[in-house]
Amino acid sequence: MRCKRMATPRIRFSEAEFARRQQAVRTAMDAKGLEILVVSDPSNMCWLTGFDAWSFYVHQCLVVSADRILWIGRGIDAASAALTTHLPAADILPYPDDFVQSTLCHPMQCVAEQIAALSGSRVGLEMDNYYFSAKAYTTLCAALPNHRFADATGLVNWQRAVKSDAEIATLRKAASVIELVYQHMREVLVPNMPQNELVAELLAAGARGADGIFGDYPAIVPLIGYGPESAACHTTWDDKPLQPGAGFFAELAGCHARYHCPISRTVYIGEPAPAYRTCESVIADCISQVADAMRPGAVLEEVAQVFYSALAKAGFEKDNRCGYSIGLSYPPDWGERTMSLRPGDRSVLQENMVFHFMPGLWFDDWGFEMSETIRVGAHGGECLAGVPQTLIVVDA
């Protein structure tokens, strides 16, 4: 079965942009001695070809060889591949629905048939990936006993680290979305507002977008920690009212065409407690120092140390990473899973790398977050979003 090309495609980038990305991946494959690469991460699938659909709950992948890229996925999702990619119809290969969540057969049997027809036996797999299961691996091994498999986790991710001008332009649109989300928060938030009602407003604002820029769904839902629950950094909302005399953090992202601009801010209902004002001042200073240090040629752990030293000077400490590379992503995470701002990461910064700098502080019974999405510029880091770097205070 072959899928016809859609008459009105929805493709975000040019053929030349995708060709550049694909060549970068093939060069990396050659360096690892790989002839074939199976790409299961939907973020990597989208980055390589543009493929975009909420279809990652079933097995799907790209099979990359020296001269072809095959999309292999569920039959009803083939139309999305035709709609969102430049791939020729002959390279969009749907498998029958009998293979979906079956105990009798597995989609990787279909993938194995296509791999067997290609030249080459050295195959790279994204083994440490949310979307590639142990069953997928054993099925490929059983079906292709004469092929050699290697772990290629992160191979595509690392090619995504330096953004093209087109990607930076898309990230700026995502930044415009998050600016309006926080502006909307300031307009609608009132004391005793139930958390779920605030989140409903934030989700709606994120989807509406800004100035003709549509808002896409973020890879992570809004994270809200209110009062003592703000000591837990990855909590979501319930229906508790946001009462005066307490603070909460909001970790949100503007998203456009799958590119993310995450921003965190802390909100206080009423007159802020002194500890919140202290954190506000310290973290704002840390953002300024770290942004200045994020220059091409800088080593990531040394940039992280700028933060940890400034924090220690103010009497605080943090025992987890303070940032990570971001860009295009799908649930459950907006990080690229490559570089981290922490001791031991010797990655060298290049212009147009983009990071979520997360200097969050979590104590025994409260927390404070104020984070930024920062582009590495020629002369220092650029905060992509213009959300004021202050505590958001709501009159009680």
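This note sets out numbered remarks on the predicted model above.

1. Basis of the remarks. The structure is a predicted model, in which local features need pLDDT of at least 70 and side-chain atom pairs count only at pLDDT 80 or more, while totals for chains, interfaces and linings use all residues. Residues are numbered from 1 along each chain as its sequence is written, and side-chain values use heavy atoms, with hydrogens and water left out.

2. Nonpolar cores. The largest nonpolar core has 72 residues; such a core is a set of buried Ala, Val, Leu, Ile, Met, Phe, Trp, Tyr and Cys residues joined through side-chain atoms within 4.5 Å. Buried means under 20% relative accessible area, exposed over 50%, and partly exposed in between, with a 1.4 Å probe and protein chains only. The residues with the most contacts inside this core are L37, W71, L155, Y182, M185, L189 and F248. Helix α7 (residues 165–188) gives the most to the core, with nine residues; helices (H or I, at least four residues) and strands (E, at least two) are DSSP runs numbered from the N terminus. Neighbours within four places in sequence aside, M185 is in contact (heavy atoms within 4.5 Å) with L198, L202, A250, L252, V267 and I392. A second, separate core comprises 35 residues, among them Y276, V303, A310 and F355.

3. Surroundings of A304. This residue lies in helix α10 (residues 300–313). A304 counts as buried because its relative accessibility is 1%. Residues up to four places away in sequence not counted, A304 touches C322, L341 and R342. A304 and F357 are 53 residues apart in sequence, with a C-alpha to C-alpha separation of 9.5 Å.

4. The open sheet. Four strands form an open sheet in the order β8-β10-β11-β19, with mixed pairing; two strands pair if DSSP finds at least two bridges between them. The edge strands, β8 and β19 (392–394), each pair on one side only. Direction ignored, neighbouring strands of this sheet are turned by 20° against each other on average. Strands β10 (residues 246–256) and β11 (residues 259–269) run antiparallel and are joined by 11 bridges. Within this pairing, G254 stands opposite C261 in β11.

5. A hairpin. Strands β17 and β18 form a hairpin with two residues between them. Four bridges join β17 (residues 372–377) to β18 (residues 380–383), and the two run antiparallel. The bridge partner of R375 is E382 in β18.

6. Packing of α1 and α2. The axes of helix α1 (residues 15–31) and helix α2 (residues 42–49) come within 7 Å and cross at roughly 120°. Axes are lines fitted to C-alpha atoms, for helices over the stretch in contact, and angles run from 0 to 180 degrees between N-to-C directions. On the α1 side, F18, R21, Q22 and V25 meet C46, W47, L48 and T49 in α2.

7. A cis peptide bond joins P331 and P332, with omega about 15°; P332 is in the loop between β12 (323–326) and β13 (335–340). Q101, although not a glycine, has a positive phi of about 50°. Q101 lies in the loop between β4 (92–95) and α4 (107–116) and is exposed, with a relative accessible area of 67%. D211, also not a glycine, has a positive phi of about 50°. D211 lies in the loop between α8 (195–208) and β8 (223–226) and is exposed at 80% relative accessible area.
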